[in-house]
Amino acid sequence: MLQKLKKNYVESLQSITVMGEQLFDFQIIKILRLNPFLKIYNCYGPTEATVSVTSLEINLKNLKTNTDKNRVSIGKNIPGMNIDFY
């Protein structure tokens, strides 16, 4: 799908919030090459359509430090949200 992505698709966007699926570094790089001013947030929550408990703004400067095996981190808990891992 990214191979069909064109600059005019993203040039007017100010931000993108991604939830529910793994986000990979090559996707971020492709999108930010088309619109380097775009803010991209990778979020996660139990019901991604309505509730987010983690968030991370991704850009080319912090992409490498927030990526493990090409997968982008889901970030840290949003203030007021608790995360329990079992």
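**Reading a mixed sheet and its helix**

Author: Asparagine 70 lies in the S4–S5 loop. Helices (H or I, at least four residues) and strands (E, at least two) are DSSP runs, numbered from the N terminus. The model is predicted: local features need pLDDT of at least 70, side-chain atom pairs count only at pLDDT 80 or more, and totals for chains, interfaces and linings use all residues. Residues are numbered from 1 along each chain as its sequence is written, and side-chain values use heavy atoms, with hydrogens and water left out.

Reader: What is the phi of asparagine 70?

Author: Positive, about 70°, although this residue is not a glycine. Lysine 69 is in the S4–S5 loop too. Its phi is also positive, about 55°, and lysine 69 is not a glycine either.

Reader: Is lysine 69 buried or exposed?

Author: Start with the cut-offs. Buried means under 20% relative accessible area, exposed over 50%, partly exposed in between (1.4 Å probe, protein chains only). Lysine 69 has 68% relative accessibility, so it counts as exposed. Asparagine 70 has 45%, so it counts as partly exposed. Across the protein chain, buried residues make up 27% of the 86 residues.

Reader: What pattern does the protein chain follow along the sequence?

Author: It reads α-β-α-β-β-β-β-β. That comes to two helices and six strands.

Reader: How do I read the sheet? In what order do its strands lie?

Author: Strands of a sheet pair through backbone hydrogen bonds, either parallel or antiparallel. Here two strands pair if DSSP finds at least two bridges between them. Four strands form an open sheet, ordered S1-S2-S3-S6, with mixed pairing. S1 and S6 (76–77) are the edge strands, each pairing on one side only.

Reader: Which pairs are parallel, and which antiparallel?

Author: S1 (residues 15–19) and S2 (residues 39–44) run parallel, joined by five bridges. Methionine 19 has cysteine 43 in S2 as its bridge partner. S3 (residues 54–58) and S6 pair in the antiparallel sense over two bridges. There, threonine 54 is bridged to asparagine 77 in S6.

Reader: Where does H2 pack?

Author: On the sheet, where H2 touches S1, S2 and S3. Contact means heavy atoms within 4.5 Å. The direction of H2 makes about 150° with that of S2. Axes are lines fitted to C-alpha atoms, for helices over the stretch in contact, and angles run from 0 to 180 degrees between N-to-C directions.

Reader: What hand does the β-α-β unit of S1, H2 and S2 have?

Author: A crossover is right-handed if, with the strands pointing away from the viewer, the path from the first strand over the helix to the second runs clockwise. S1, H2 (residues 25–34) and S2 make a right-handed unit.

Reader: Which residues of H2 are buried?

Author: An α-helix has 3.6 residues a turn, so residues three or four places apart point the same way. In H2, the buried residues are Asp25, Ile28, Ile31, Leu32 and Leu34. They pack against elements including H1 (7–10), S4 (67–68) and S5 (71–72).

Reader: How far is aspartate 25 from the nearest side chain of opposite charge?

Author: Lys and Arg count as positive and Asp and Glu as negative; His and the chain ends are not counted. A salt bridge is a side-chain nitrogen of Lys or Arg within 4 Å of a carboxyl oxygen of Asp or Glu. Aspartate 25 is buried yet has no salt bridge; arginine 71, the nearest side chain of opposite charge, is 9.5 Å away. Not counting residues up to four places away in sequence, aspartate 25 touches Leu63, Thr67, Asn70 and Val72.
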